[in-house]
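Please take a first look at the sequence and the model shown here. The paragraphs after it go through the structure part by part.

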Amino acid sequence: MKSPAEWIEALKRAGARRPQGRPDPQLPPGQHRVDNFPVLDLGMHPVLTEASWRLRLFGAVAQPFEWSWSEWSAASHAELTADFHCVTRWSRFGLRWAGVPLAVLLEQAQVRADGRFLLLHGADGYTTNVTLDEALGSRAMVADAVDGKSLSAVHGGPARFVMPTLYGWKSAKWLQGIEVLTEERLGFWETRGYHRHGDPWQEERFAGTN
Ligand SMILES: Nc1nc2c(c(=O)[nH]1)N[C@H]1C(S)=C(S)[C@@H](COP(=O)(O)O)O[C@H]1N2
Ligand SMILES: [Mo]
């Protein structure tokens, strides 16, 4: 198994082979378009069913809650069409996500005035960090369907986070917790050399590169 440092070196090497030609304005720098939907994760695929699934909202909130699937299903859903850019350089255009907007979840939990950051928790132990204002502004959601079908297990079903403006590693699969924080806490990749922010248009791939 490659270590995180070896992965980062492999990703940098892959970057040396970027395709030539006229840039597609929909494609962030250093990315190429794919028409499939690759699967990328740590390789541990938690098996979750709608019966066993729970979503916890906790931390700097006045009304922490834990929803079962039936409570989740009763919450108001919305759609979001967005491109998905993986830091390993593939971009998939126009995924049609459906799910519960982050705004709905945060409103339900009553975020405290000092709540500024989010840490997303996946059932495989994965975490990733985003700032609360930016996540809301990007229309982030917790998605339970993509392109008209229930989210498959490999793509993070029953439900995953989707942060459409940042690299794919911010979109935590098998989401089980949204933690609201008063101070920034870095996630799995962000503590292993990835950029704390991760904007594909700024090529914020690795910490210290920009
Ligand atoms: N829980 C969890 N979420 C995760 C990951 C992971 O390893 N575990 N990998 C991230 C990475 S690096 C990417 S690019 C996307 C890939 O999502 P996909 O497999 O649906 O394409 O999931 C992100 N969310
Ligand atoms: Mo990724």
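What follows describes a predicted model, starting with a sheet and moving on to the core, a strand and the ligand.

Five strands make up an open sheet with mixed pairing, and their order is β3-β2-β11-β6-β7. The edges are taken by β3 and β7 (127-131); each has a single partner strand, so one side of each has no neighbour in the sheet. On average, neighbouring strands here are turned by 15° against each other, direction ignored. Within the sheet, β2 and β11 run parallel and are joined by four bridges. Phe58 has Glu179 of β11 opposite. The helix α3 packs on this sheet, where it touches β2, β3, β6 and β11, and its direction makes about 135° with that of β3.

In soluble globular proteins, nonpolar side chains tend to be buried together. The largest nonpolar core in this model has 38 residues, and those touching the most other members are Leu57, Trp72, Leu105, Leu118, Phe161 and Ile178. Elements that give two or more residues to this core include β2 (55-59), β6 (117-122) and β11 (175-181) from the sheet, along with the helices α2 (69-74), α3 (102-109) and α4 (132-137). The largest share, four residues, comes from α3. As for Trp72, its contacts beyond the neighbours within four places in sequence include Trp53, Leu55, Trp67, Leu105 and Ala159. Another core, of 13 residues, lies apart from the largest one; among its residues are Phe37, Phe84, Met141 and Ala143.

Next comes strand β8 (residues 141-146). Six of its six residues are buried, so β8 is largely enclosed by the rest of the structure. Strand β5 (residues 90-101) runs antiparallel to β8, with five bridges between them, and Ala98 stands opposite Ala145. Strand β10 (residues 160-162) also pairs with β8 in the antiparallel sense, over three bridges; here Val142 has Phe161 as its bridge partner. Two bridges join β8 to the antiparallel strand β9 (residues 149-150), where Ser150 is opposite Ala145. Together β8 and β9 form a hairpin with two residues between them, and Asp147 in the turn has a positive phi of about 50°.

Which residues come nearest to ligand 1? Of the 19 residues around ligand 1, they are Pro38, Asp124, His155, Arg160 and Lys173. An N or O atom in the side chain of His155 is 2.6 Å from an oxygen atom of the ligand. Backbone atoms take part as well: a polar one of Leu40 is 2.8 Å from an oxygen atom of ligand 1, and a polar one of Ser171 is 3.0 Å from a nitrogen atom of ligand 1.

How values were computed
Residues are numbered from 1 along each chain as its sequence is written. Chains are lettered from A and ligands numbered from 1 in the order in which they are written. This is a predicted model: local features need pLDDT of at least 70, side-chain atom pairs count only at pLDDT 80 or more; totals for chains, interfaces and linings use all residues. Side-chain values use heavy atoms; hydrogens and water are left out. A nonpolar core is a set of buried Ala, Val, Leu, Ile, Met, Phe, Trp, Tyr and Cys residues joined through side-chain atoms within 4.5 Å. Buried means under 20% relative accessible area, exposed over 50%, partly exposed in between (1.4 Å probe, protein chains only). Contact means heavy atoms within 4.5 Å. Two strands pair if DSSP finds at least two bridges between them. Axes are lines fitted to C-alpha atoms, for helices over the stretch in contact, and angles run from 0 to 180 degrees between N-to-C directions. A residue is near a molecule or strand if one of its heavy atoms lies within 4 Å of it. A polar contact is a pair of N or O atoms within 3.5 Å; within protein, one must be able to donate a hydrogen and the other to accept it, and residues adjacent in sequence count only if both atoms are side-chain atoms.
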